[in-house]
Each structure stands twice: as structure tokens, then as C-alpha cells.
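Me: Hi! Could you walk me through this model? I'd like to start with how you use your terms.

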Amino acid sequence: MGVIVYALPGNEVLAAQLVRTLGARAGELVLRQFPDGEWYLRVLTAAAGDDVVLACSLDRPNEKLVALYQLASSLRDDGAGRIVLAAPYLAYLRQDRRFLEGEALTSHSIARWLSGFIDGLVTVDPHLHRIHRLDEIYRVPSVVVPAAPAIARWVRRHVERPILIGPDAESEQWLSQVATLAQCPYRMLEKQRHGDREVEVSVPDLAGGVDRIPVLIDDIISTARTLVAALERLHEAGLPRAVCIGVHGLFVGDAEEALRQAGAARVLTCNTVNHASNAIDVHADIATAVASLLAARPGEPSPPPR
Ligand code: R5P
């Protein structure tokens, strides 16, 4: 029994890393959309008896989830062994509570759906807020790759006298790890979100930080309104232009332009979602995590999920 890695479109670089690290074979597929948007799928590399890894980041997830489901179902029907999903960005985690009566708990329903057709999951810093561990909602073994070591390495190499700044209390979980590894101070701002694009941020005491280069770190850059509000407050507080780091850069609409206009010195992201800002490589760490998940044989305890 071997391992075959299949890349969903746009995930070829990660898939190549997985093939190298796992000593796996690269699986070939034909995946395209019919004129009406439905998927056509043909698996050219049969996986009967082999474990498979599907490389598929789940930014802009709606169509990708259906393609992933079709691929996993087809492989399963044809006798594949375990099916592990390597999804550097795991979507649908932010609606983790019913704020208004009748709202769908989409984090839970997507987790249930995915858990029904994969046997293991590897992702990078999922947006866990009111849910604390993936296995609270996913029923398959999962490994979370922290981006903090790679981000800390970048900060140490590129920023002299940094002070790390998180735009809200949620970001402390990532920020504190980066600060420890990069051996620099960090501060949290306070955020209030009033709508998808309406964000207010307030700056607490930055004493001891004004002579340092601010490095804003958030897990997701979506509309970028969170980072824009933070940049504006830091500017008002007299700090130098900030470097902005996102673990996952979704860059919706005018996000990049808004960050430029708000005076970001530089915007960079991890390579969990394809984008020109990808400057921090986490693919090798993802591949190592997939190897550890596959190394746990059925019946043995899998690596601890976070
Ligand atoms: C919030 O819960 C997340 O940690 C990010 O701060 C948020 O997703 C960023 O969104 P946006 O870029 O649209 O402000």
C-alpha cells in the first residue's frame, strides 16, 4: 500500500511538497466545469488499496467543497484506503455560534459534512474562537500546523526592534507564540465589529513600544477592514508605518488597495492561500503533519488535535 497525492486546481505546489516529503506518487485528474457550472471529474491514477492525500485549500470554498466531495467519493468507490485532506486554509469556522435566532451554525454543519467523507485533516491555524479544538466539531483525527514559528523566523530576519500588535483579543493565541519565538514585546488592540466592513479598533497603552517597528498580525485578512482600522489608530498614536502579516490572505474586493492607502509598510501572508503576498512558507510543515497523521495506523492514537 502506497500514498497518492491529488492536487485540486491551484494546489500543485503544496502537492509537490507532499509528494517529496511522503515519498508518494502524484495522482492525475481531469477536473473541469461544464458550461452550467457542474463538475466533470475523471481520476486517471487509480488509488485502489492506497492511502490518498487531497491537497485543497478552502478559500472561496463553495465550489471547491463540492469538487472535493466528488473526488473523495469517487476514490472511496474505487477502493482507496484512508483519505486525508491537506487544507492549508479551512473555511467556515467563523459562524461558530448563533448570534441571532435561526442563524445556521455553518462551522458545525460543514465539519459534519467533511467528516463524512475524509478520514483525517491537516490545516494551518484554523480560526478557533468559541470552539477551542477542531475535534469539538470534526469527527476525524486532525493536526493543526502553527504558523507562528515561520512568522517568527520572518520577523527576526526582516524587522529590527519589532513590537507585535494584534487587532483583537482573538489574535492573542497566535501573537503570543510569535512574540515568544521572536523574543519581542506584543500588545493587543480592542476591536468592535459592527458589520462585514464596519470595524472599530481602539489602542490601549503602547508605552515602551513607540520607538519600535509595529508588526500587525491577524489570522485572516478578508476585507482588511480590521487591519485598516488598526493601521489608522497606530498612525494617530505616532507609531512608524506598520508591517501587516496575515496567516491566511483572502483579500476580498479592494482589500489590498485599502491597506496601501492606510499606509501599510508591507503586507505579507503565509502560503496557505495563493496570493502575491505569500512570503512565509508553511508547506514543509504541512507535509510533515500529514506524514505524522498517516503514520498513525488505524486503531493507534493519532497525533493530538488542537
Ligand atoms: C476575526 O474574527 C478574524 O480574526 C479577523 O480579524 C477577521 O476575519 C478579519 O476580517 P476583515 O479582514 O474582513 O476585517
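Reply: Happy to. Buried means under 20% relative accessible area, exposed means over 50%, and partly exposed is in between, with a 1.4 Å probe and protein chains only as cover. By that rule Leu216 is buried, because its relative accessibility is 0%.

Me: Before going on, what kind of model is this, and what pLDDT do local features need?

Reply: This is a predicted model: local features need pLDDT of at least 70, side-chain atom pairs count only at pLDDT 80 or more, and totals for chains, interfaces and linings use all residues. Residues are numbered from 1 along each chain as its sequence is written, and side-chain values use heavy atoms, with hydrogens and water left out.

Me: Thanks. Which strand is Leu216 in?

Reply: Leu216 belongs to strand β13. Strands (E, at least two residues) and helices (H or I, at least four) are DSSP runs numbered from the N terminus. The C-alpha atom of Leu216 is 8.1 Å from that of Ala230, 14 residues away along the chain.

Me: On to the ligand. How many residues surround it, and which are the closest?

Reply: The ligand is surrounded by 15 residues, and the closest are Asp218, Asp219, Thr223, Ala224 and Thr226. A residue is near a molecule if one of its heavy atoms lies within 4 Å of it.

Me: Which elements each supply at least two residues of that shell?

Reply: Those are β11 (190-193), β13 (213-221) and α6 (225-236). With four residues, β13 gives the most to the shell around the ligand.

Me: And how do the shell residues divide into nonpolar, polar and charged?

Reply: Three are nonpolar, four polar and eight charged. Here Asp, Glu, Lys and Arg count as charged; Ala, Val, Leu, Ile, Met, Phe, Trp, Tyr, Cys and Pro as nonpolar; and the others, Gly among them, as polar.

Me: What lies 2.6 Å from an oxygen atom of the ligand?

Reply: That's a polar side-chain atom of Thr223. A backbone N or O atom of Ser222 is 2.8 Å from a ligand oxygen, and for a side-chain N or O atom of Arg94 the distance to a ligand oxygen is 3.0 Å. The protein covers 94% of the 380 Å² of accessible area that the ligand has on its own; such areas come from the Shrake-Rupley method with a 1.4 Å probe.

Me: Nice. Let's change topic: where is Asp196, and is it buried or exposed?

Reply: Asp196 lies in the loop between β11 and β12 (199-202). Asp196 counts as exposed because its relative accessibility is 66%.

Me: What about Gln183?

Reply: Gln183 also isn't a glycine, and its phi is positive, near 50°. Gln183 sits in the loop between α5 (172-182) and β10 (186-188), and counts as exposed because its relative accessibility is 71%.

Me: Last one: what does the side chain of Thr45 reach?

Reply: It reaches the backbone nitrogen of Glu28 at 2.7 Å. Thr45 lies in the loop between β4 (39-43) and β5 (51-55), and is buried, with a relative accessible area of 13%.

Methods: Polar contact = N/O pair within 3.5 Å; in protein donor to acceptor, adjacent residues only side chain to side chain.
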